[in-house]
Amino acid sequence: MSKKPLIGITGDFRPEQKQTQALSWFYTGYYDSVTDAGGIPVMVPPLADDDDLKQMLEQLDGLVLSGCALDLDPIRLGFEKHPASRAMPLRREDFDRRVCTMAMEMKMPLLAIGSGMQLMNVISGGTLHQHVTEDVPGAMYHRDGVEANLRHIIDIVPGTRVDKMYGPGEIRVNSQHHMAVKYVSKMFVVSATAPDGVVEAIEVPDEDWFCVGVQWHPQNHSASALDMQVFENFLAACEEPEPQILQMPVRKAA
């Protein structure tokens with residue numbers, strides 16, 4: 001029986017506060033989705049030492065860069081902070097930058113979700129919109145403060161990995177973000193957009209390396225059954241090929 005791939009998942013982090021200790025946690029949807037797609041999830045805490053992190057990544061077959069309800073620090077991105085922006089803790093962002101950079105240098109299969117996609121684009125030389133509704137002319141709603149199950153159509157670019165994941169027909173995805181990819185890093189191609197032009201998915205155009213970012217959350221309770229194919233395709237790219245058994249030639253009796 002072949003071994004299941006080990007899939008690292010980054011988590012969330014909250015620093016120590018007056019009445020509470022520092023806390024790391026992992027949303028169930030991520031590890032359940034990895035398990036359902038045929039992998040074994042491995043929780044990756046925000047390790048401080050690069051050697052420790054590299055050793056851990058070398059044991060893994062793929063990495064999920066999880067999203068966050070908070071934003072990449074807008075000041076760090078060169079913005080004047082918008083009132084709608086709430087920066088994630090420094091330890092969380094610093095670690096996500098390190099682990100994403102290392103995984104990309106190793107050419108690990110990588111699935112970046114939500115703010116994970118935004119970060120992957122930024123560390124590769126791309127830029128972001130800080131607040132879509134003000135930065136994009138004619139922008140549609142991408143986040144609703146009341147409706148947690150907001151969904152919208154995406155337009156998928158034919159021939160991309162995302163196209164192979166979803167196939168033909170109208171595709172709707174969940175949406176809960178106000179930052180978005182602006183200029184796409186030269187490493188990536190756009191594989192899906194919203195009707196207002198906002199980038200919804202990017203990928204490395206290399207058939208031998210699964211490196212995909214999606215702005216929506218296929219692991220979330222508001223995802224559709226079709227979204228599970230994101231994880232299924234990712235896991236397929238993480239599986240080692242079955243070893244071929246070489247048949248020894250049979251010698252004829254003298």
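Tutor: Two strands are said to pair if DSSP finds at least two bridges between them; the strands themselves are DSSP runs of E with at least two residues, the helices are runs of H or I with at least four residues, and both are numbered from the N terminus. This is a predicted model, in which local features need pLDDT of at least 70 and side-chain atom pairs count only at pLDDT 80 or more, while totals for chains, interfaces and linings use all residues. Residues are numbered from 1 along each chain as its sequence is written, and side-chain values use heavy atoms, with hydrogens and water left out.

In α1, which spans residues 28–36, Y30, S33 and V34 are buried. Seen down the helix axis, the buried residues of α1 fall within an arc of 100°, so they line one face of the helix; the arc is taken from the directions running from the helix axis to the C-beta atoms. An α-helix has 3.6 residues a turn, so residues three or four places apart point the same way. After α1 comes G38, with a positive phi near 105°.

R86 sits in the loop between β5 and α3 and counts as exposed at 55% relative accessibility. Leaving aside neighbours within four places in sequence, R86 is in contact with L70 and D71, and the C-alpha atoms of R86 and P74, which are 12 residues apart along the chain, are separated by 8.6 Å. K107 lies in the loop between α3 (90–105) and β6 (110–113), where this residue is partly exposed with a relative accessible area of 49%. Phi of K107 is near 55°, a positive value in a residue other than glycine.

Within α3 itself lies R97, which counts as buried at 18% relative accessibility. Not counting residues up to four places away in sequence, R97 touches R76, L77, L119, V122 and I123.

Turning to open space, α1 and α4 (115–123) each supply at least two residues of the lining of the largest pocket. A pocket is found on a 1 Å grid over the protein atoms alone, as an open set of points where a 1.4 Å probe fits, with protein on both sides within 12 Å along at least five of seven lines, and its lining residues have an atom within 4 Å of a point. The largest pocket has a volume of about 550 Å³, the volume being the space filled by probe spheres set on grid points that are joined across faces, edges and corners. Of the 28 residues that line this pocket, the closest to its centre are C68, A69, Q176, H217 and N220.

Q215 is placed in the loop between β13 (211–214) and α7, and counts as buried at 4% relative accessibility. The side chains of Q215 and Q118 are joined by a polar contact of 3.1 Å, a term for a pair of N or O atoms within 3.5 Å, of which, within protein, one must be able to donate a hydrogen and the other to accept it, residues adjacent in sequence counting only if both atoms are side-chain atoms. Apart from residues up to four places away in sequence, Q215 touches G114, S115, M117, Q118, H177, M179, A180, V199 and E200.

Technical notes
Buried < 20%, exposed > 50% of the residue type's maximum accessible area, 1.4 Å probe, protein only. Contact = heavy atoms within 4.5 Å.
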